[in-house]
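Student: I'd like a close look at one spot in this model, with the cut-offs spelled out. Could you start from a single residue and work outwards?

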Amino acid sequence: MQREEFVQQLWLDYIHQHPDVGGLRLWPVEAPAEYLALLTLNHGPWAMEAILPTLVRYGYRPQQRYAMADRGLLATLLTAPDDGAWILLTELQLGTLSRRPRERLQRLVGNADPRDARSQALLCHGRPWPMPDWDTYQALHQAHPLAGWLSVMGPRMHHVGFDCQRLGHDIVELDRQLQQTGLTGSGDRHHGLFPVSPLLDYRFYATSSRRLAFAEGDEHRVALGGLALVQKQVSANQERAAELLLPHHTRCELS
């Protein structure tokens, strides 16, 4: 697989899960995303350190590492080899869960198809383990919302972020247009996957929940992620908005 195919598969999988984003026509379809936020967990072939070599082969380069102990997350920001979307690969640390939910998630993940574990498209093909039952999902969601999300979604793209300046519109204008389509934004910098730096104007739009069939056949609505808009507050800065995305205090040294 080449990088272009990898990004295309990520995007197709994402809009399949978020059809309300796939149907947006507020900016050109070919407009580049600023970043792709991918979520995984530190277990087996889905661990960040196991995935990073594949991303490097696609041409991405790790630029910065972040640690968010209060959320139980580690993240690596990877630059694209061209003007395309950067990747923010975020990893849930299972050790931050209490024993019972951690064991339930590990047991679920342990039932993954070994063929999926060997695939180079780990982040494109959806949940590699069986769907949990509703009680398991609720227990995991209560222990950590991202543990619940991973149990039903598997490692994949959580949301896509667009830089308003690259789209050629102000964030206030785009926010108004998105509200007209039915997507309501939140300026809460802790509402999405990770905390967001005060150097950016930011809105997170949770997409419509979807009805999912759980292991015992019952169906329930679950929130699956969303869309983010960012805009640099200091337009003279030459950095990409993705470089400013996470707060400076979360940075740590790259080994």
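Which residues does leucine 55 touch, not counting residues up to four places away in sequence?

Tutor: Happy to. Leucine 55 touches Phe6, Tyr60, Leu78, Ile87 and Leu89, with residues up to four places away in sequence left out; contact here means heavy atoms within 4.5 Å. Please bear in mind that this is a predicted model, in which local features need pLDDT of at least 70, side-chain atom pairs count only at pLDDT 80 or more, and totals for chains, interfaces and linings use all residues. Residues are numbered from 1 along each chain as its sequence is written, and side-chain values use heavy atoms, with hydrogens and water left out.

Leu55 also stands out in the largest nonpolar core: of its 83 residues, Leu55, Phe194 and Leu227 touch the most other members. Such a core is a set of buried Ala, Val, Leu, Ile, Met, Phe, Trp, Tyr and Cys residues joined through side-chain atoms within 4.5 Å. Buried means under 20% relative accessible area, exposed over 50%, and partly exposed in between, with a 1.4 Å probe and protein chains only.

Now for the helix around Leu55. Helices (H or I, at least four residues) and strands (E, at least two) are DSSP runs, numbered from the N terminus. In helix α3, residues 48–57, the buried residues are Met48, Ile51, Leu52, Thr54 and Leu55. They sit on the same side of α3, because they cover an arc of only 165° around the axis; that arc is taken over the directions from the helix axis to the C-beta atoms. The general rule is that an α-helix has 3.6 residues a turn, so residues three or four places apart point the same way. On the face of α3 turned away from its buried side you find the exposed Glu49 and Arg57. Just past α3, glycine 59 takes a positive phi of about 105°.

What do the buried residues of α3 pack against? Their partners are α1 (3–17), β1 (35–41), β2 (61–68), β3 (73–79) and β4 (86–92).

The strands in that list belong to an open sheet of nine strands with mixed pairing, in the order β6-β7-β10-β5-β1-β4-β3-β2-β11. Two strands pair if DSSP finds at least two bridges between them. At the edges stand β6 and β11 (251–252), each with a single partner strand, so one side of each is left without a neighbour in the sheet.

The pairing of β1 with strand β5 (residues 156–163) is antiparallel and has five bridges. In β5, glycine 161 stands opposite tyrosine 35, and methionine 157 is the bridge partner of leucine 38.

Arginine 156 also lies in β5. At 5% relative accessibility, arginine 156 counts as buried. Among the residues that arginine 156 touches are Asp13, Gln17, Ala37, Leu38, Leu39 and Trp149.

Trp149 brings in helix α7 (residues 145–153), where it is one of the residues that meet Tyr137, Leu140 and His141 of helix α6. The axes of α6 (residues 134–143) and α7 come within 5 Å and cross at roughly 145°; axes are lines fitted to C-alpha atoms, for helices over the stretch in contact, and angles run from 0 to 180 degrees between N-to-C directions. α7 itself lies across β1, β3, β4 and β5, running at about 90° to β1.

Further along the sheet, seven bridges join β7 (residues 200–206) to strand β10 (residues 226–232), and these two run antiparallel. Aspartate 201 has glutamine 231 in β10 as its bridge partner. β6 (residues 185–186) is joined to β7 by two bridges, again antiparallel, with glycine 185 opposite tyrosine 205.
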